[in-house]
Amino acid sequence: MKQAKHLPADRIFKIEPDLEKKLAALIKNKFAVDIFAENFAGSAGARRIAASVLKLSDFFIASKSDSTPWLEPWCQMAYLSYYMVLNEIRCRAVLHEAQRRPFLNGVEQVIDFGAGLGAATYSLAKVLPDSTQYVHIEKSAWAQSMHQEIFKQGRWTDLPTVPAKNSLGVFSFSLNEQETWPQWIQQFDHLMIIEPATSQQGRVLLQNRQNLLSQGFSAWAPCVHQQACPLLEKSKNDWCHDRVFFDQPEWFKAIEELLPIKNQTLTFSYLLMSKRPAPALPGLARITGDLLDEKGKSRQLICRNTDREYLTWMHKNSTPQRIPRGVLVGWPTEHEAKSNEIRVTQEIPVVDLDKATLA
Ligand SMILES: C[S@@+](CC[C@H](N)C(=O)[O-])C[C@H]1O[C@@H](n2cnc3c(N)ncnc32)[C@H](O)[C@@H]1O
């Protein structure tokens with residue numbers, strides 16, 4: 001994928017140094033592999049980790065709704081050295097979006113369903129007040145104990161507790177392990193849901209967005225509107241997903257060098273929903289696709305309502321802007337609408353909600 005021309009700094013993520021240190025110590029302690037060693041690249045330890053990552057990746061692809069196989073040493077190794085890092089960044093990216101609006105205001109309790117090693121809680125604890133109560137629902141005792149080794153925080157339960165008022169339900173890569181979405185999800189005041197960026201799982205998420213809207217929830221992100229999703233309604237395979245860039249540390253690069261998987265960019269589908277109505281975002285739209293270069297034109301999927309539309313640059317009179325997927329932009333004041341193309345000649349303003357004054 002061609003990188004966007006001007007990649008905003010807030011789309012580039014690094015591993016948090018304190019998390020990196022903790023994970024490195026655990027990997028050394030449990031598997032006698034030192035990811036910080038000078039000769040780690042190409043070493044037997046790097047090859048063992050890469051083989052584990054590949055095995056868990058194959059498991060996730062093959063399994064329909066099977067639970068993470070925590071008792072397998074290869075799963076433990078792959079999660080500690082790879083998936084925990086990626087999922088924490090995905091959670092942090094979603095939280096960046098949440099923080100651009102008053103979404104987290106008033107949240108007093110977090111219930112993290114399928115908490116695993118605590119990727120979501122780790123990111124949340126950095127942005128929520130210290131007084132926040134954390135409840136983790138995790139059926140694997142191994143994951144629970146490892147989570148406590150990484151950071152002891154909150155309580156652990158295997159029962160879906162009744163959420164308190166102002167509770168945030170967090171579901172990071174855990175709903176895809178359920179046959180169906182739990183009914184009690186409606187009891188939360190606020191929801192943060194992250195799912196794999198696949199057509200199948202992404203479309204289940206979009207269908208559930210529709211169900212949640214009809215149950216009185218409001219969509220805060222990535223949606224800029226409360227209408228039907230154009231990708232669900234007007235296509236059979238499309239799904240909404242975001243992409244951020246991962247500035248990898250050397251040891252992580254050394255693992256990926258041995259893998260067919262490359263995660264320099266991380267994709268994920270997500271929803272931030274709340275029973276509190278989302279303030280309107282007049283005149284704004286979300287970039288929901290990567291730039292597609294075609295003969296004579298370049299197009300990029302954009303979302304502002306229930307229409308499935310493409311920002312379009314005709315090469316004869318404009319140069320494609322390469323706007324990063326996932327950002328908010330101002331709707332072009334000058335354009336020609338042709339079928340589902342919004343043909344533009346002027347620069348599209350990328351909007352930083354942190355600094356924007358909305359009408
Ligand atoms: C893919 S992992 C994701 C872990 C973590 N949330 C993350 O983002 O890295 C899914 C987790 O959900 C847990 N899980 C799945 N179904 C569950 C259930 N019904 N009750 C509790 N935990 C569950 C699994 O044990 C596993 O730890």
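**Packing, domains and backbone in a predicted model**

Q: Which residues does Leu272 touch, not counting those up to four places away in sequence?
A: Leu272 touches Val94, Glu97, Ala98, Phe103, Met192, Trp220 and Ala221, once residues up to four places away in sequence are set aside; two residues are in contact here if their C-beta atoms, placed from the backbone, lie within 7 Å.

Q: What should I keep in mind about the model and the numbering?
A: This is a predicted model, in which local features need pLDDT of at least 70 and side-chain atom pairs count only at pLDDT 80 or more, while totals for chains, interfaces and linings use all residues. Residues are numbered from 1 along each chain as its sequence is written.

Q: OK, back to packing: how many residues has the largest nonpolar core, and which have the most contacts inside it?
A: The largest nonpolar core has 94 residues, and those with the most contacts inside it are Val94, Ile193, Ile255 and Leu272. Such a core is a set of buried Ala, Val, Leu, Ile, Met, Phe, Trp, Tyr and Cys residues joined through C-beta atoms within 7 Å. A residue is called buried if 20 or more other C-beta atoms lie within 10 Å of its own, exposed if 12 or fewer, and partly exposed in between, with the C-beta atoms placed from the backbone.

Q: And which helix gives this core its largest share?
A: Helix α3 (residues 73–99) does, with 15 residues; helices (H or I, at least four residues) and strands (E, at least two) are DSSP runs, numbered from the N terminus.

Q: Where does the core lie relative to the two domains?
A: Domain 1 (9–274) and domain 2 (284–351) both give residues to this core, so it lies between them. The domain bounds come from an automatic or database domain assignment.

Q: How many residues are in contact across the two domains?
A: 14 residues of domain 1 are in contact with 13 residues of domain 2. On the side of domain 1 that touches domain 2, the elements giving two or more residues are α7 (230–233) and β8 (242–246), and α7 has the largest share, with three residues. That side divides into six nonpolar, three polar and five charged residues, where Ala, Val, Leu, Ile, Met, Phe, Trp, Tyr, Cys and Pro count as nonpolar, Asp, Glu, Lys and Arg as charged, and the others, Gly among them, as polar.

Q: How many Å separate the domain centres?
A: The centres of domain 1 and domain 2, taken over C-alpha atoms, are separated by 30 Å.

Q: Switching to α2: what is its span, and which of its residues are buried?
A: Helix α2 (residues 44–62) has 19 residues and reaches 27 Å from its first C-alpha to its last, close to the 27 Å expected at 1.5 Å a residue, the expected span being 1.5 Å times one less than the number of residues. Its buried residues are Gly45, Ala46, Ile49, Ala50, Ser52, Val53 and Leu56. Seen down the axis of α2, these fall within an arc of 160 degrees, so they line one face of the helix; the arc is that of the directions from the helix axis to the C-beta atoms.

Q: What do those buried residues pack against, and what is on the face turned away?
A: The buried residues of α2 pack against α3 and α8 (250–256), whereas the face turned away from the buried side carries the exposed residues Ala44, Asp58, Ile61 and Ala62.

Q: Is Leu104 buried or exposed?
A: Leu104 is buried, with 20 other C-beta atoms within 10 Å, and its place is in the loop between α3 and β2 (109–113). Leaving aside neighbours within four places in sequence, Leu104 is in contact with Ala98, Gln99, Val127 and Leu128.

Q: What about the backbone, where is there a cis peptide bond?
A: The peptide bond from Ala221 to Pro222 is cis, with omega near 0 degrees, and Pro222 sits in the loop between β7 (218–221) and α7.

Q: Which residues other than glycine have a positive phi?
A: Among them are Asn166, with phi near 60 degrees, and Arg322, with phi near 50 degrees. Asn166 is in the loop between β4 (155–157) and β5 (167–172), and Arg322 is in the loop between β13 (309–314) and β14.
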